[in-house]
Amino acid sequence: MTTLLTHYAELLAYDSWANERCLAAIETVPTDRRTGAAWERLTALVPHNLVVKRIWRWRILEQAHEKPASWFPPMSVEAARAMAREVDAEWAAFFPTLTAADMERSHSFKTSDGTPMTRLVRRTLTHLFNHGTYHRGQIARLVTEHGGERPATDFMLMTF
């Protein structure tokens, strides 16, 4: 029987796998097409997913944190991979501490505009993973428009 913890562990692994596939796809964009505002948006999307992945962990833990300098920081693929290793390591240490009871626990936080909210941990995790998938769809479109190879990031393609 699959539990919520097992399900979210799979989604956590998928999130990291799919982000890496997006970074690899960005590297397929021809060098002469790596300019302009759309390129900057493209190179900021995986880092954005990582920024919010870090912040949502802090929010679940109800840890104080600063608002990021940029929600969409454009960075090189190498820098994004380094950030992904850091954020994924943080989640790898954190996630096993969660229990089934934690899934039904509420946590309080402030949104990016300062609005106080309280949500269940399981709903926050669902939001986090849906949010990442949304932006990876944007990445696929932008990579294709820049002449690169669209990343195949469907959940069903990941080998468990």
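1. A salt bridge here is a side-chain nitrogen of Lys or Arg within 4 Å of a carboxyl oxygen of Asp or Glu. The model under discussion is a predicted one.

2. The structure holds 11 salt bridges. One of them joins Arg 136 to Asp 15, with 3.0 Å between the closest N and O atoms. This pair links distant parts of the chain: Arg 136 belongs to helix H5 and Asp 15 to helix H1, 121 residues apart. Arg 136 is buried, with a relative accessibility of 2%. Asp 15 is buried too, at 3%.

3. Asp 15, Lys 53, Asp 88 and Arg 136 are linked in a network of salt bridges.

4. A further salt bridge is formed by the side chains of Arg 81 and Glu 27, at 3.0 Å from N to O. Arg 81 sits in helix H3, while Glu 27 is in the loop between H1 and helix H2 (36-61), so the contact ties together parts 54 residues apart in sequence. Glu 27 is partly exposed, at 37% relative accessibility.

5. Turning to the rings: a pair of aromatic rings is described by the distance of the centres and the angle of the planes. The model has 5 aromatic pairs. Tyr 14 and Phe 155 make up one of the pairs, edge-to-face, with 5.3 Å from centre to centre and 70 degrees between the planes. The pair links distant parts of the chain, as Tyr 14 is in helix H1 (residues 4-26) and Phe 155 in the segment after helix H5 (121-145), 141 residues apart. Tyr 14 counts as buried, at 7% relative accessibility, whereas Phe 155 counts as partly exposed, at 31%.

6. Tyr 14 and Phe 155 also belong to one aromatic cluster, together with Trp 17. The cut-off for patch residues is over 30% relative accessible area, and Phe 155 has 31%.

7. Trp 91 and Phe 94 form another edge-to-face pair, at 5.4 Å centre to centre and 75 degrees between the planes. Both are in helix H3 (residues 77-94), 3 residues apart, so about one helical turn lies between them. Trp 91 is buried, at 0% relative accessibility, and Phe 94 is buried at 6%.

8. Arg 59 lies over the face of Trp 56, 4.5 Å from the ring centre.

9. Gly 147 follows H5 and has a positive phi, near 85 degrees.

Note on methods. Residues are numbered from 1 along each chain as its sequence is written. This is a predicted model: local features need pLDDT of at least 70, side-chain atom pairs count only at pLDDT 80 or more; totals for chains, interfaces and linings use all residues. Side-chain values use heavy atoms; hydrogens and water are left out. Rings of Phe, Tyr and Trp (its six-membered ring) pair if their centres lie within 6.5 Å; planes under 30 degrees apart count as stacked, over 60 as edge-to-face and the rest as tilted. Helices (H or I, at least four residues) and strands (E, at least two) are DSSP runs, numbered from the N terminus. Buried means under 20% relative accessible area, exposed over 50%, partly exposed in between (1.4 Å probe, protein chains only). A charge sits over a ring if NZ of Lys or CZ of Arg is within 6 Å of the ring centre and within 35 degrees of the ring normal.
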